[in-house]
Amino acid sequence: MGSTADEFLVASEEKAFDMGHRRIINYNIGKYDAAVERGLSKIINLENTKRKAHAIKWKVMENLDKLLPEFEANFQKRGGKVIWANDAEEANREILNIIKKAGAKTVVKSKSMVTEEIQLNEFLEEHHIESLETDLGEYIVQLLGQKPYHIVTPAMHLSKEDIAKLFHEKFGTPLDFTPQQLTQKARELLREKYVQADVGITGANFLLADTGSIAISENEGNARLSTSFPKIHIAVVGIEKLIPSITDLDLFWPMLSTHGTGQNLTVYNTILSGPRQADETDGPDEMYVVLLDNGRTNLLAQKDQRQALYCIRCGACLNACPVYKNIGGHTYEATYSGPIGSIITPHMAGMEEFKHLSYASSLCGKCTEVCPVKIDIHKMLLLNRRDAVNEMLVTTKEKWGWAFWKKGMLNRKFTDFFSGKTKNFLLRRFFKKTWGHYREMPTVAEKSFSQQYQEKNGFGD
Ligand code: SF4
C-alpha cells in the first residue's frame, strides 16, 4: 500500500482522463457559474462587502476565547445545552450518550460537513442506530455508499440519468423518471422518517454569539423538519462558525447564498435559539450544540494560516479551481476538498499525511479571487508547503534535488561543468516520474545560455 500522496496521484490521473466525469462536472459547474454571475451582479459593492466579511471574521478569530463563552452563556439562558468536544471521538461519544439516554433508535440528519468530518453516520451504525440523511444530495450519496463529492452539492458528480438508475435499482422507479419525480419519490420515502425519528442532527452555518443561536441555511426544508419533529435536536458545529451578532447575518446570508449557489438568499434560513419554550408550540424538548475543535485550534495557533478559519463553506473556491474541476472531490480523500480543503486538512488531520494537497494547485489565484471572505487561499497553500519543508516532511530525493539545484544556480562554473548530455540524463533519471507520462520532458541544450552568449559575443561573464 502506497502513501496517501501516492494514492492521490494515481486517483488524480485516473479521474483527470475520465471523460464522462469531466462532462458531468463541466456541465454542473457551468450551470453554477452562470447562476453565481447573476447573483453577484445584485451586490452593489462586492469588494467592499468581502472586505467587511473578512474584517468580521478576523475579529472573531482574534476573540474566539471571549465570543465562544458568550455564545454558550446566551444559549444556556434559553435552556440549550452546550457540549465542548476536543475531537471526533469525544463528539461522537457525547452524541451517542444523548441518543442512548433517550432510548432512540433512529436519527434524521440534515446536510452537515462537520458530521462527515467526525464520521458520525459510521459511528452510529456501529452502535446500531439508524442515521438517515434527509438532504436529497446527501441521501443519494448515502444510498450509493459514497462520501459527499462537494461541500455544497454532495452529488455534483452524478447526472440525472445516474440518479434515475440508482432509484430504479433501489426503489423500482421507472428509468425515465424526471428530476421532479425523483425528488417527489425521495420526499415520500423521507417524510415518514421525520415523524418516527426521536433525534434530529444538523450542523449550522453560523453560531450567533450575542443571541446564543444557531443559523441554518438550506434549500429543501429538510433541516427545519429534522429540528422540529424529533424530541431532541443536536447541532454539531465547528468553533470557527461563530459570528459576533445576529445583525451580521444581513451580510453573511447573502454572501453565502450568492457565492454558494448564485441565489440572492437561500430558500430557508432558520435561527434556532434553544429548545421549545413554555409558550411555544413547535420545537424539540431538548437542544444541544456540540462545539467541535478537532484540530481547529491547531490552525488557530498558526498565525500565518489562521485566516483559513474564516471560511463560510460556500464552495466557490472548489468550483473555480482548475485542479478540482479535473480531479473531482473524492480524489482528495478528505472531508473538505478543493483549495480550502487543501489548506485546512493538513492542520486538522496531519501535515505528514496530507501535505501533498498543498501542492495540488496551479497557484493561479482564482480561488482567492472568488472567496467571499477574502482568504488569501493560494498564499496559504504556499505557507503549508513552507511548513512541510520546515518540519522536514519532504522526501530525501526532494531535499537533494533542491540542494543540488541551489548549488548550481549559485555557481555558474558548477552549472557549466556538466554537459547537456549529463544534464538531460539527470533530468530523465530524477524527474521523469514527477513530470508525468503525458508530457514530453524538455531537453536541455548542449551548451548553457552563458556559454553560448560568451561564444557569440566573445567575452567572459
Ligand atoms: S475558502 Fe472562501 S471560497 Fe472557499 S469555501 Fe471557504 S469561503 Fe468559500
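I'll start with helix 5, residues 88–101. At 1.5 Å a residue, its 14 residues should span 20 Å, and the end C-alpha atoms are 20 Å apart, which agrees. Keep in mind that this is a predicted model.

Now, which residues of helix 5 are buried? They are Ala88, Ala91, Asn92, Ile95, Leu96, Ile98 and Ile99. These residues cover an arc of only 160° around the axis, so they sit on the same side of helix 5.

What covers the buried residues of helix 5? The cover includes strand 1 (81–85), strand 2 (106–109), strand 4 (199–202), strand 7 (232–238) and strand 10 (286–292). Helix 7 (120–126) is also part of that cover.

One backbone detail: just after helix 5 comes Gly103, with a positive phi of about 65°.

Next, the cysteines. How many disulfides are there? The count is zero. Take Cys367 as a case: the closest cysteine sulfur is in Cys364, and it lies 6.2 Å from the sulfur of Cys367. The cut-off for a disulfide is 2.5 Å, so 6.2 Å is too far for a bond.

Is Cys367 buried or exposed? Cys367 counts as buried, because its relative accessibility is 7% and the limit for buried is under 20%. Cys371 is buried as well, with a relative accessible area of 6%.

Conventions:
Residues numbered from 1 in each chain as written. Predicted model: local features only at pLDDT ≥ 70, side-chain atom pairs only at ≥ 80, totals over all residues. Heavy atoms only, no water. Buried < 20%, exposed > 50% of the residue type's maximum accessible area, 1.4 Å probe, protein only. Helix = DSSP H or I, 4+ residues; strand = E, 2+ residues; numbered from the N terminus. Expected span 1.5 Å × (residues − 1). Arc of directions from axis to C-beta. Contact = heavy atoms within 4.5 Å.
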